[in-house]
2 protein chains.
Amino acid sequence: MEKRYIGVDLGGTNIKVGVVDPSGNLLYKTERPTRAEEGTDAVIGRITSCAREAAEASGASWDQVAGIGVGLPGFLDIPRGIVKRLTNLPWENVPIRDLLEKEWERPVMIDNDANVAALGEAWSGAGAGVSDLVCITLGTGVGGGVIAGGRLVHGVGGAAGEIGHIRMEEGGALCGCGQRGCLETIASATGIVRMAKEMAASGRKTTLAEAVQAGTLSSRDVFRAMEAGDSVALEVVERATDALARAMATLSVILNPARFIIGGGVARAGDSLFRPLREAYKKHALPSAAEGVSIVPAQLGNDAGVIGAAGLIARRGH
Amino acid sequence: MEKRYIGVDLGGTNIKVGVVDPSGNLLYKTERPTRAEEGTDAVIGRITSCAREAAEASGASWDQVAGIGVGLPGFLDIPRGIVKRLTNLPWENVPIRDLLEKEWERPVMIDNDANVAALGEAWSGAGAGVSDLVCITLGTGVGGGVIAGGRLVHGVGGAAGEIGHIRMEEGGALCGCGQRGCLETIASATGIVRMAKEMAASGRKTTLAEAVQAGTLSSRDVFRAMEAGDSVALEVVERATDALARAMATLSVILNPARFIIGGGVARAGDSLFRPLREAYKKHALPSAAEGVSIVPAQLGNDAGVIGAAGLIARRGH
């Protein structure tokens with residue numbers, strides 16, 4: 001009887017639950033809304049019913065389920081399985097591991113959402129078979145996860161991989177973390193839009209002006225305008241990819257990874273992002289650390305979280 | 001019969017061989033000169049005879065020896081146990097692991113010298129009991145080693161932990177690696193002396209002028225002059241500690257370590273280094289990543305290499 005692993009990806013707007021096989025294939029997935037006004041008990045109850053349903057719908061008996069992994073956005077005490085604080089839900093000091101283990105009578109492990117996404121890509125996505133990699137998510141912010149020697153790097157407080165807060169510019173734009181000039185302020189979708197707006201506001205001629213005025217400008221628009229020859233868009237993309245490449249050069253000398261996996265909304269720009277990013281990385285990276293490094297798109301999309309959460313259990317001891 | 005582990009620290013000028021117990025205590029140590037003109041066979045023969053002598057001198061039978069770890073300065077293929085190139089010896093593509101295993105009939109593991117030093121400190125030095133730490137050696141250059149989740153981070157080519165080559169200044173002084181503005185050009189003993197010389201040459205009044213003229217200036221002189229109130233020395237130390245603290249802030253968001261261990265000749269300045277370094281780190285580090293972080297001096301000195309090399313075997317599977 002082949003084992004099954006359940007992965008839970010608890011976000012601010014919904015709970016995703018997936019059933020995963022020992023090779024990291026997602027057999028079944030379901031989603032439920034998360035409601036901020038609900039208490040902890042209600043959310044845990046929903047996770048529990050959802051997990052049992054998902055196991056059944058995937059054709060697995062509860063006996064086949066070897067354990068449950070949970071990815072959460074917030075501050076965690078990973079070794080003790082406690083949620084100290086969540087980003088979008090009013091949880092405080094919830095011993096979620098113990099609560100779920102009691103409910104399920106199965107081992108439960110927790111980790112933060114960016115880390116489990118990295119583990120998912122490393123297990124059965126763009127990093128399959130690669131022992132040392134860094135996963136970078138370019139969305140509203142910049143998140144990351146580090147796999148070293150086949151294992152997720154958590155750090156002592158579960159805060160490792162916070163790549164978005166590497167400081168790239170002395171001064172620079174104010175970041176949500178309170179610092180200035182973090183990578184996140186430059187290479188996130190938000191950062192790209194901000195830089196384009198600032199340049200449009202400074203009077204530079206750009207085809208982006210209309211979308212800026214209408215308040216609809218997206219990072220995708222900036223990449224499209226760059227491809228169409230807009231010089232402001234080109235400059236913005238170059239700033240974003242240059243900062244990201246410098247951060248990746250730093251990651252290379254510290255971790256010597258074989259691969260960088262880039263995901264999130266900004267990565268959907270495809271070659272318009274990857275071409276200048278690879279060029280800038282080649283320029284900034286120490287050749288001995290960059291030798292043979294590949295820079296590739298993430299493959300699992302929104303499923304990385306549930307697959308990686310299941311991987312917390314499946315890949316224990318790796 | 002308690003196990004014994006042999007650690008070999010192969011440097012450009014000497015070979016150190018130590019016998020270590022399961023707690024990471026160094027029971028016996030011996031040294032032999034390394035001669036660059038000798039062939040590989042002669043050096044390996046010397047390591048071999050030295051290891052057998054050391055085991056005997058420590059009171060251990062060869063049966064007690066569970067394995068041998070070797071730290072080497074250069075480019076290695078760690079998984080295959082091959083020395084691709086050494087920094088100070090004319091070795092090329094030497095399958096040292098297989099050669100030594102055949103000779104000793106014991107498991108042999110290799111790693112680079114900065115990594116084994118970090119492992120030594122993590123095992124029984126300033127990092128004992130700490131799962132996540134970064135070891136930084138401030139000497140002629142700046143070296144480093146990373147321990148994450150209790151394990152040494154090698155990276156895919158064994159080049160992880162090259163902290164000295166994090167780029168801190170756009171432009172900046174030329175580094176041995178070919179880049180400009182690496183941490184090594186600012187925070188090493190060499191970097192500190194270079195900055196002091198440049199400031200003296202620019203006509204700034206300093207008590208260091210005499211030593212600069214005589215060509216005897218050391219980093220230690222700069223720290224002493226700072227303590228005596230020399231403003232040039234103060235500025236140099238502030239630049240060095242500020243750059244190092246910014247690199248440590250970056251390491252904190254990537255790895256979330258609990259401790260930084262600072263060793264090497266520059267660290268002998270003691271509080272003159274650690275006081276401004278801790279202040280600068282507090283200023284630059286993201287509070288959530290820096291919470292509870294300690295910055296402490298290395299404890300094992302020159303023994304870190306042999307102890308850590310032995311630890312490659314003793315701590316396998318950790």
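1. Salt bridges, overall count. In this predicted model, the rule applied gives 29 salt bridges over all chains. Between chain A and chain B, however, the count is 0 salt bridges. Side chains of opposite charge can pair when their charged atoms come close. The individual pairs described below are given with their separations and with the accessibility of each partner.

2. The pair A:R167 and A:E170. In chain A, A:R167 forms a salt bridge with A:E170, and 3.8 Å separates the closest N and O atoms. A:R167 is partly exposed, at a relative accessibility of 29%. A:E170 has a relative accessibility of 61% and therefore counts as exposed.

3. The pair B:R167 and B:E170. In chain B, a salt bridge links the side chains of B:R167 and B:E170, with an N to O distance of 3.8 Å. B:R167 has a relative accessibility of 29%, so this residue is classed as partly exposed. B:E170, with a relative accessible area of 62%, is exposed. Elsewhere, A:D242, A:R246 and A:K283 are joined into one network by salt bridges that share partners.

4. The pair B:E2 and B:R4. Another salt bridge in chain B is formed by B:E2 and B:R4, whose closest N and O atoms are 2.8 Å apart.

5. Extent of the interface. Contacts between the two chains involve 34 residues of chain A and 34 residues of chain B. Together, chain A and chain B bury about 2600 Å², of which 61% lies on carbon and sulfur atoms. On the side of chain A, the most area is lost to chain B by A:V253, A:I254 and A:N256, which together account for 23% of what that side buries.

6. Composition of the interface. Although the count of salt bridges between chain A and chain B is 0, the rule for polar contacts finds 8 residue pairs across this interface, with both residues at pLDDT 80 or more. Among the elements of chain A, strand 10 (142-148) and helix 8 (231-255) each supply at least two residues of the side that touches chain B. Helix 8 of chain A gives the largest share of that side, 6 residues. By class, the side of chain A that touches chain B comprises 17 nonpolar, 11 polar and 6 charged residues.

7. Cysteines. How many disulfides does the structure hold over all chains? The number is 0. A:C182 is in no disulfide, and the nearest cysteine sulfur, which belongs to A:C177, is 3.7 Å away. A:C182 is buried, with a relative accessible area of 0%. Likewise, B:C175 takes part in no disulfide; the sulfur of B:C177 is the nearest cysteine sulfur, 3.8 Å away. B:C175 also counts as buried, at 7% relative accessibility.

8. Is B:T241 buried or exposed? With a relative accessible area of 3%, B:T241 is buried. A polar atom of the side chain of B:T241 lies 3.4 Å from the backbone oxygen of B:E238. Beyond its neighbours within four places in sequence, B:T241 is in contact with B:L273, B:P276, B:L277 and B:A280.

9. Surroundings of B:F223. Helix 7 of chain B, residues 219-227, contains B:F223. B:F223 is buried, at a relative accessible area of 3%. Which residues does B:F223 touch, not counting those up to four places away in sequence? The contacts are B:I192, B:V237, B:V266, B:A269, B:S272 and B:L273. The C-alpha atom of B:F223 is 9.7 Å from that of B:D271, a residue 48 residues apart from B:F223 along the chain.

Methods:
Residues are numbered from 1 along each chain as its sequence is written. Chains are lettered from A and ligands numbered from 1 in the order in which they are written. This is a predicted model: local features need pLDDT of at least 70, side-chain atom pairs count only at pLDDT 80 or more; totals for chains, interfaces and linings use all residues. Side-chain values use heavy atoms; hydrogens and water are left out. Contact means heavy atoms within 4.5 Å. Buried area is the accessible area (1.4 Å probe) that two parts lose on being put together, summed over both. A salt bridge is a side-chain nitrogen of Lys or Arg within 4 Å of a carboxyl oxygen of Asp or Glu. A polar contact is a pair of N or O atoms within 3.5 Å; within protein, one must be able to donate a hydrogen and the other to accept it, and residues adjacent in sequence count only if both atoms are side-chain atoms. Helices (H or I, at least four residues) and strands (E, at least two) are DSSP runs, numbered from the N terminus. Ala, Val, Leu, Ile, Met, Phe, Trp, Tyr, Cys and Pro count as nonpolar, Asp, Glu, Lys and Arg as charged, and the others, Gly among them, as polar. A disulfide is a pair of cysteine sulfur atoms within 2.5 Å. Buried means under 20% relative accessible area, exposed over 50%, partly exposed in between (1.4 Å probe, protein chains only).
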